[in-house]
Amino acid sequence: MEEKKKSILDYDTVALDEENHALVIIDQTQLPYQTEILSLTKQEDIWNAIYLLQVRGAPAIGVAAAIGIYLSAREIKTADFTDFYQEFQKAKDYLDSARPTAVNLSWALNRMEEVVLKNKEKTIPEIVERLHQEAVEIREEDIWVCKTIGEYGLTLVNPGDGLLTHCNAGQLATVKYGTATAPMYLGQEKGYHFRIFSDETRPLLQGARLTSFELKESGLDVTVICDNMSASVMRKGWVNAVFVGCDRVAANGDTANKIGTSMVALAAKRYGIPMYICAPTSTIDLSTISGEDIHIEERPAEEVVEMWYEKPMAPDGVKVFNPAFDVTDHDLIAGIVTEYGIARAPYTESLKEIFKKKEEA
Ligand code: MRU
């Protein structure tokens with residue numbers, strides 16, 4: 001009998017292969033055409049996988065980096081702490097340089113570094129084992145974080161609502177549930193039957209290739225629209241709320257997310273539709289004062305003019321501007337949904353409260 005075909009959600013987005021000491025990811029550049037699983041052991045391959053968006057989405061990048069630095073630490077051949085720490089820092093800086101906007105990358109790497117510093121009196125194999133445990137913990141934690149964001153998010157909507165999302169803040173961007181998609185998946189379990197609109201998300205089409213793919217595979221009612229259609233579906237009254245993910249939230253609530261998010265926010269404001277940012281606390285960076293201070297990644301021109309079509313899409317040599325993210329001003333945001341509750345304006349105060357709750361937990 002032919003083996004039942006696995007759904008994309010049966011695969012791990014990002015995991016540690018304990019036996020082969022490898023980072024295992026689904027190559028997201030190949031989706032939805034084919035499901036290719038990559039098993040990566042070398043630092044350079046892990047860096048490339050993050051840079052090339054084979055693994056992508058802020059939380060997934062953080063988990064990949066945590067596993068990546070653990071794998072690098074295993075390879076450091078010394079019994080001396082100072083030498084070990086020097087090599088560890090080199091590997092950390094290298095992985096951190098793969099992408100600049102999603103703060104989860106440095107958040108996870110800093111958390112791993114703290115483990116090294118807290119255990120400096122231990123032997124190197126013991127430190128490496130602690131790093132192993134921490135990487136596994138960061139991955140496991142992400143499941144709870146996303147599920148809890150989903151539970152809070154679900155309190156903001158009603159059965160049958162039309163929900164719009166941009167880019168992929170889904171299971172493919174996390175370990176499970178996603179952030180912006182978590183209320184959708186949890187709502188489905190309760191029979192809410194949402195109507196979901198997924199912006200295609202130019203230039204790399206994470207909305208069309210990934211979000212609509214994973215939602216459709218899960219049996220949710222999803223409709224792909226081009227990025228320039230979101231205002232039109234809002235005007236028709238088809239959208240009750242917007243849920244998006246984020247790559248970095250500044251202390252004042254300004255939020256960096258995939259390019260095009262701020263356009264969606266402006267349209268939602270015009271039509272009186274609440275726009276919610278789904279943000280694990282690992283994506284909130286209180287040391288960044290406002291959106292002005294967020295480093296926005298710029299990516300190669302080919303992504304805009306060549307990548308997804310067989311024929312060139314623009315004249316050879318034309319100038320291209322390709323920022324991967326934009327900043328949504330905090331006054332366009334109705335709420336920031338975290339695993340410790342929903343922050344509302346003024347965000348400078350409410351985000352601090354969220355971190356207070358986290359410390360007390
Ligand atoms: O360039 P990408 O695909 O990594 O961008 C991803 C996004 O912008 C997501 O919305 C964000 O990382 C949140 S993922 C839960």
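Ala-251 touches Leu-286, Thr-288, Ile-289, Thr-348 and Leu-351, leaving aside residues up to four places away in sequence. Touching, or contact, means that two C-beta atoms, placed from the backbone, lie within 7 Å. This is a predicted model: local features need pLDDT of at least 70, side-chain atom pairs count only at pLDDT 80 or more, and totals for chains, interfaces and linings use all residues. Residues are numbered from 1 along each chain as its sequence is written.

Ala-251 sits in the loop between β8 (248–250) and β9 (255–258). Helices (H or I, at least four residues) and strands (E, at least two) are DSSP runs, numbered from the N terminus. Ala-251 is partly exposed, with 18 other C-beta atoms within 10 Å. A residue is buried if 20 or more other C-beta atoms lie within 10 Å of its own, exposed if 12 or fewer, and partly exposed in between; the C-beta atoms are placed from the backbone. The C-alpha atoms of Ala-251 and Leu-351 are 7.0 Å apart, although 100 residues separate the two along the chain.

**Helix α11**

An α-helix has 3.6 residues a turn, so residues three or four places apart point the same way.

The length of α11 (residues 347–360) fits: its 14 residues should span 20 Å at 1.5 Å a residue, and its end C-alpha atoms are 20 Å apart. The expected span is 1.5 Å times one less than the number of residues.

Helix α2 (residues 58–74) has 17 residues, which should span 24 Å; its end C-alpha atoms are 25 Å apart, which agrees. Of those 17 residues, 16 are buried, so α2 is largely enclosed by the rest of the structure.

Helix α4 has 15 residues and reaches 21 Å from its first C-alpha to its last, close to the 21 Å expected. Its buried residues are Asn-104, Leu-105, Trp-107, Ala-108, Leu-109, Met-112, Val-115 and Val-116. Their cover includes α2, α3 (81–96) and α5.

**Where α5 meets α6**

The axes of α5 (residues 124–154) and α6 (residues 182–189) come within 7 Å and cross at roughly 75 degrees. The two helices are therefore roughly perpendicular to each other. From α5, the contact uses Cys-146, Lys-147, Ile-149, Gly-150, Glu-151, Gly-153 and Leu-154; from α6, Ala-182, Pro-183, Tyr-185, Leu-186 and Gly-187. By class, the contact has seven nonpolar, three polar and two charged residues.

Some terms need their limits. Axes are lines fitted to C-alpha atoms, for helices over the stretch in contact, and angles run from 0 to 180 degrees between N-to-C directions. Angles under 35 degrees count as roughly parallel, over 145 as roughly antiparallel, 65 to 115 as roughly perpendicular and the rest as oblique. Ala, Val, Leu, Ile, Met, Phe, Trp, Tyr, Cys and Pro count as nonpolar, Asp, Glu, Lys and Arg as charged, and the others, Gly among them, as polar.

Most residues other than glycine have a negative phi, and most peptide bonds are trans. These sites depart from that pattern:

| Site | Feature | Angle |
|---|---|---|
| Arg-202 and Pro-203 | cis peptide bond | omega about 5 degrees |
| Ala-345 and Pro-346 | cis peptide bond | omega about 0 degrees |
| Cys-167 | positive phi, not a glycine | phi about 65 degrees |
| His-193 | positive phi, not a glycine | phi about 45 degrees |

Pro-203 lies in the loop between β5 (195–199) and α7 (206–217). Pro-346 is in the loop between β14 and α11. Cys-167 is in the loop between β4 (162–165) and α6. Cys-167 is buried, with 30 other C-beta atoms within 10 Å. His-193 is in the loop between α6 and β5. With 12 C-beta neighbours inside 10 Å, His-193 counts as exposed.

**Two further loop residues**

Thr-123 is in the loop between α4 (104–118) and α5. It counts as exposed, with 11 C-beta neighbours inside 10 Å. Gly-317 is in the loop between α10 (302–305) and β12 (325–328). Gly-317 is exposed, with 8 other C-beta atoms within 10 Å.
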